[in-house]
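Visitor: I would like to go through the labels used for this model and hear the grounds for each one. Please start once the structure is on view.

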Amino acid sequence: MKNKIINIKRKKNKTKIICLTAYSKNIAVILDRYCDLILVGDSLANTLYGMQNTHNIDIETIINHAKSVRLGVKRSLLVVDMPIGTYKNLVVAKKNANLIIKKSKCDAIKIESNNKNFNIIRELVKLNIHVMGHIGYTPQSKKKFQVRGKTVAEEKKLIKEALLIEKAGAFAIVLECIAEETSKKISKILKIPTIGIGSSVHCDGQIIVTDDMLGMSGFYPKFVKKYANMSKMIEKAVATYSRDIIYKKFPTKKNSY
Ligand code: KIV
């Protein structure tokens, strides 16, 4: 697992880092063939559980999805999001990070920055826990969606925050919805890889919610590119299945004992 982290770090300035989210094994098996990193994101709150935000997803739910994803991930680095409230202080963070790692057997955890929790990252790293940071639009602490880093003051603040996360020992950092020029500067200044979502081509890697890019979530903001329309494909298959049953085309002799 340490090798996987080293490999991801070595890709900086050489080749792009491919990342996607997964919430279950069957999808994870496919992603594993192409991704360097697979994230069990707390975005599953909105994407799967119909919640308004990520604020009510609990650690058990994340762990259960991570266990399923683990079954499908052999070569990528498996990272699990620490849900809101699970790293509010050092004692709580240590307990919950260890719980997530022990139960899901993931390789690393992700923590959203609130511009204060650098010591939590530092202490977890000291315990040999691999941590990925997350700055910019951080849904756990910010209610309203907003692009960050558009002003000089915001840019300065984000660069400082990113550097402190790097100094604390994070192996990579997600830049979510950060203006192009700012994410370019952060990616240039940092030694660790930046993984962008809505933060331009200048990041060292990209991540996106798989259900969004597959056209399954109904959530398609500007930063999402729809690579498939899975909802339509599934609907077509289900409609055919239902017609086949009505007209006794399924099951046939081939499907019977
Ligand atoms: O929860 C999530 O899926 C994430 C990614 C969008 C980076 O944090």
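**Grounds for the labels**

Guide: In this predicted model, Ile 59, Ile 63, Ala 66, Lys 67 and Arg 70 of H4 meet Asn 96, Leu 99, Ile 100, Lys 103 and Ser 104 of H5.

Visitor: What describes the packing of H4 and H5?

Guide: Two packed helices are described by the angle between their axes and the distance between those axes. For H4 (residues 59–72) and H5 (residues 90–104), the angle is about 35° and the axes are 9 Å apart. The crossing is right-handed.

Visitor: Why is Leu 99 called partly exposed?

Guide: Leu 99, in helix H5, has 15 C-beta neighbours inside 10 Å. Buried requires 20 or more and exposed 12 or fewer, so Leu 99 counts as partly exposed. Its C-alpha atom is separated by 33 Å from that of Val 147, 48 residues apart along the chain.

Visitor: Why is Leu 158 called buried?

Guide: Leu 158 has 23 other C-beta atoms within 10 Å. The cut-off for buried is 20 or more, so Leu 158 is buried. Leu 158 is in helix H7. Leaving aside neighbours within four places in sequence, its contacts are Ile 135, Gly 136, Arg 148, Gly 149, Ile 178, Thr 182 and Ile 186. Leu 158 and Ala 97 are 25 Å apart in space, C-alpha to C-alpha, and 61 residues apart in sequence.

Visitor: Which residues touch the most other members of the largest nonpolar core?

Guide: That core has 65 residues, and Ile 38, Val 79, Ile 109, Ala 170 and Ile 173 touch the most other members. Helix H7 (residues 152–168) gives the most to this core, with 5 residues. Not counting residues up to four places away in sequence, Val 79 touches Leu 37, Leu 39, Cys 106, Asp 107, Ala 108, Ile 109, Lys 110 and Met 132.

Visitor: What makes Pro 139 partly exposed?

Guide: Pro 139 has 19 other C-beta atoms within 10 Å. Pro 139 lies in the loop between strand S5 (131–136) and H7. It touches Asn 53 and Thr 54, not counting residues up to four places away in sequence. Pro 139 and Asp 42 are 97 residues apart in sequence and 9.5 Å apart in space, C-alpha to C-alpha.

Visitor: Which residues surround the ligand?

Guide: The ligand is surrounded by Thr 21, Leu 39, Gly 41, Asp 42, Ser 43, Asp 81, Val 174, Ile 197, Ile 207 and Val 209. This shell divides into 5 nonpolar, 3 polar and 2 charged residues. Gly counts as polar here.

Visitor: Why is Asn 115 called partly exposed?

Guide: With 14 C-beta neighbours inside 10 Å, Asn 115 falls between the limits of 12 and 20, and therefore counts as partly exposed. Asn 115 is in the loop between S4 and helix H6 (118–126). Its phi is positive, about 70°, although it is not a glycine.

Visitor: What is omega for the cis peptide bond that joins Phe 250 and Pro 251?

Guide: Omega is about -5° for that bond. Pro 251 is found in the segment after helix H10 (230–246).

Notes: Residues numbered from 1 in each chain as written. Predicted model: local features only at pLDDT ≥ 70, side-chain atom pairs only at ≥ 80, totals over all residues. Near = placed C-beta within 6 Å. Axes fitted to C-alpha atoms, helices over the stretch in contact; angles between N-to-C directions. Helix = DSSP H or I, 4+ residues; strand = E, 2+ residues; numbered from the N terminus. Left-handed = near helix turned anticlockwise from the far one by under 90°. Contact = placed C-beta atoms within 7 Å. Core = buried A, V, L, I, M, F, W, Y, C linked by C-beta atoms within 7 Å.
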